[in-house]
Amino acid sequence: MSEQDTVKTRWAELPEHVRGVVADHIGQVLAATEITQGVASDLSTVLHTAAGADVFIKGVRGVSLRMRWLRNEITAGALAAGIAPAVVFHADTDDWLLVGFEHLKGRTASLAPESHDLQAVAAVL
């Protein structure tokens with residue numbers, strides 16, 4: 001399945017009580033900006049909160065290898081503190097695993113030959 005074939009769940013499509021669990025952690029959600037890239041999660045969105053802090057949310061529905069990968073991201077975030085976005089919260093509700101990350105504005109690095117991003121990626125590594 002290609003990324004274009006992936007159908008993601010939108011924030012507004014989540015059951016109300018699942019959205020409520022997220023709001024319990026981050027406060028009132030004013031708006032959501034859906035992220036369509038990637039195939040590793042069923043939900044990818046940036047939530048804009050009343051507190052002013054944006055939170056990037058990833059969610060996986062159902063027990064699967066993708067859920068294990070998302071649990072690994074929780075652990076990796078703690079191990080890479082200071083160089084990876086911080087995990088704001090994580091919650092299991094119904095059959096969803098939802099993880100909120102510190103939202104960092106940016107773009108995906110280009111790894112193409114001659115890309116100006118290669119030096120910065122190498123420095124991080």
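Student: Which residues does leucine 98 touch, not counting residues up to four places away in sequence?

Tutor: This is a predicted model, in which local features need pLDDT of at least 70 and side-chain atom pairs count only at pLDDT 80 or more, while totals for chains, interfaces and linings use all residues. Residues are numbered from 1 along each chain as its sequence is written, and side-chain values use heavy atoms, with hydrogens and water left out.

Leucine 98 touches Val18, Val22, Leu43, Lys58, Gly59, Phe89, His90, Ala91 and Thr93, where contact means heavy atoms within 4.5 Å. Leu98 also belongs to the largest nonpolar core, of 13 residues, and is listed with Val22, Ile57 and Phe89 as having the most contacts inside it. Such a core is a set of buried Ala, Val, Leu, Ile, Met, Phe, Trp, Tyr and Cys residues joined through side-chain atoms within 4.5 Å, buried being under 20% relative accessible area with a 1.4 Å probe, protein chains only. Two or more residues each come from α1 (16–26), β2 (43–49), β3 (54–61), β4 (87–93) and β5 (96–102); helices (H or I, at least four residues) and strands (E, at least two) are DSSP runs, numbered from the N terminus. The largest share, three residues, is that of α1. A second, separate core of seven residues includes Leu97 and Phe101.

The five strands form an open sheet in the order β1-β2-β3-β5-β4, with antiparallel pairing; strands pair if DSSP finds at least two bridges between them. β1 (29–34) and β4 stand at the edges with a single partner strand each, so one side of each has no neighbour in the sheet. Across β1, β2, β3, β4 and β5 lies α1.

Key
Buried < 20%, exposed > 50% of the residue type's maximum accessible area, 1.4 Å probe, protein only. Axes fitted to C-alpha atoms, helices over the stretch in contact; angles between N-to-C directions.
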